[in-house]
Amino acid sequence: SNLLHRKILHPPPQTDFSYPQTMSIGATMRATSPNHMEDVELGSSSSANKSGTARTRPMMKLKDSNIVELQPLVEPSSKSSKGDGESSSFSKSVIASTMYSGCSIGMVLVNKSLASSYNHLIDGDLNILLVVFQAVTAVICVEFSKFMGWVEYPNFNTRTARLWAPVNLFFCGMLFTGMASMQHNSVPMVTVFKNITNIMTTIGDCILYGASIELLVMAAFGIMLLGAIFAARNDADVTQTGLCWMLANCLCTSGYVLYLKYATKTVKLSKFGMVFYNNVLCSCFLLPVTMFNGELSMFLNTSALHTVDYAVKNWFAGFVGFFLNFASLNCVAQTGPTTYAMIGSLNKIPIAIFGYLIFDNDISPETWRFICVSLCGGILYTVAKLRASRRKSRS
């Protein structure tokens with residue numbers, strides 16, 4: 001009677017879930033209370049410990065009464081997950097390349113529109129001052145995005161600025177030497193040296209970052225270089241001074257692209273933080289230059305430029321430049337300096353065609369031949385990258 005009394009007053013604990021020896025996914029579960037749920041495992045066997053109580057290993061975890069997390073019954077193979085990762089990486093590279101190409105072409109066309117609309121009003125040009133205007137606009141855009149909570153990056157600090165400063169120094173060197181080389185060399189010869197710059201960038205990518213050089217990639221660059229030389233054979237006007245400026249431009253351009261890859265990997269910033277520092281430092285470096293070369297005073301003394309139309313076009317150019325900054329950084333990070341350089345060369349094709357359609361620029365037969373040869377080189381480069389991507393996915 002005492003034993004029966006104890007069983008009535010203190011009944012044995014009831015299990016929250018009743019199931020046979022081996023449960024399946026379709027097994028029925030029932031909880032004693034909606035506020036008290038235990039971690040259980042489906043698909044495992046229930047065994048007894050030394051004290052005879054049942055124990056289960058959690059496979060289906062009930063973290064609360066509303067969220068159920070199922071662990072996979074079959075682990076995906078490492079080869080399948082690796083293949084998915086390679087496919088995702090290739091898709092990101094294509095998107096980054098397309099974004100950079102579109103923003104770059106748009107930027108050139110906007111600047112060309114500004115130059116064709118207002119350069120006749122001044123005696124000279126305002127190329128560097130336009131870069132400063134666009135950099136300031138880009139800073140305003142990225143700061144407004146941060147204020148609205150759309151993007152996030154740390155506030156300005158001098159240590160990060162020192163790490164990022166070489167990118168802007170290379171950019172300023174590329175800008176100045178490019179302008180000087182255009183004054184002392186013909187446009188076809190500048191195009192030839194631009195293709196030499198791409199080869200230098202590829203070799204630097206191999207030496208500094210261990211990138212593999214595909215035979216088809218070098219063949220693509222070689223075809224584009226030969227096409228540029230062939231197009232410039234009747235206009236090979238090179239002076240000693242022009243050659244020095246052109247070689248300096250090649251070094252600054254390659255250094256800019258190669259160091260940009262290093263900066264995007266080592267400086268702990270989001271892409272929008274990099275856009276912020278890039279444009280702030282660009283403004284700080286180039287604004288004093290516009291004071292010394294007279295561009296700022298020329299702008300201030302030319303009342304014909306103080307119009308709403310000119311301001312709106314400059315603002316729109318800066319808005320495009322904001323996206324171009326982001327697209328450039330993203331393209332270098334996703335693809336590397338070699339692909340970045342190749343895209344820059346291939347952009348000359350749609351720019352020439354749009355210039356012909358929009359601004360009525362003449363395209364000489366040599367330019368058409370260069371466009372055809374560049375297309376062949378671009379197709380060959382694309383084939384090389386696709387083959388390399390397939391080899392990585394199979395390995």
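Reply: Start with the largest cavity, whose volume is about 60 Å³. On a 1 Å grid over the protein atoms alone, a cavity is a set of points where a 1.4 Å probe fits but cannot get out, and lining residues have an atom within 4 Å of a point. Grid points are joined across faces, edges and corners, and the volume is the space filled by probe spheres set on the points. This is a predicted model, in which local features need pLDDT of at least 70 and side-chain atom pairs count only at pLDDT 80 or more, while totals for chains, interfaces and linings use all residues. Residues are numbered from 1 along each chain as its sequence is written, and side-chain values use heavy atoms, with hydrogens and water left out.

Me: Which residues line the largest cavity?

Reply: Its lining consists of Leu 114, Ala 115, Tyr 118, Asn 119, Ile 122, Leu 126, Leu 130, Leu 305 and Tyr 310. By class, 8 are nonpolar, 1 is polar and none is charged. Here Ala, Val, Leu, Ile, Met, Phe, Trp, Tyr, Cys and Pro count as nonpolar, Asp, Glu, Lys and Arg as charged, and the others, Gly among them, as polar.

Me: What does Tyr 310 contact beyond its neighbours within four places in sequence?

Reply: Contact means heavy atoms within 4.5 Å. On that basis Tyr 310 meets Leu 114, Tyr 118, Leu 126, Leu 130, Phe 299 and Leu 305.

Me: How should I read a nonpolar core?

Reply: In soluble globular proteins, nonpolar side chains tend to be buried together. A nonpolar core is a set of buried Ala, Val, Leu, Ile, Met, Phe, Trp, Tyr and Cys residues joined through side-chain atoms within 4.5 Å. Buried is under 20% relative accessible area, exposed over 50%, and partly exposed in between (1.4 Å probe, protein chains only). The largest core holds 48 residues, of which Trp 164 and Tyr 310 touch the most other members. Helix H10 (308-335) is among the helices that each supply at least two residues, and H10 gives the most, with 10.

Me: Why does Asn 347 count as buried?

Reply: Asn 347 counts as buried because its relative accessibility is 3%. Asn 347 sits in the loop between H11 and H12; helices (H or I, at least four residues) and strands (E, at least two) are DSSP runs, numbered from the N terminus. Not counting residues up to four places away in sequence, Asn 347 touches Tyr 100, Ser 101, Ser 104 and Ile 105.

Methods:
On a 1 Å grid over the protein atoms alone, a cavity is a set of points where a 1.4 Å probe fits but cannot get out, and a pocket is an open set with protein on both sides within 12 Å along at least five of seven lines; lining residues have an atom within 4 Å of a point.
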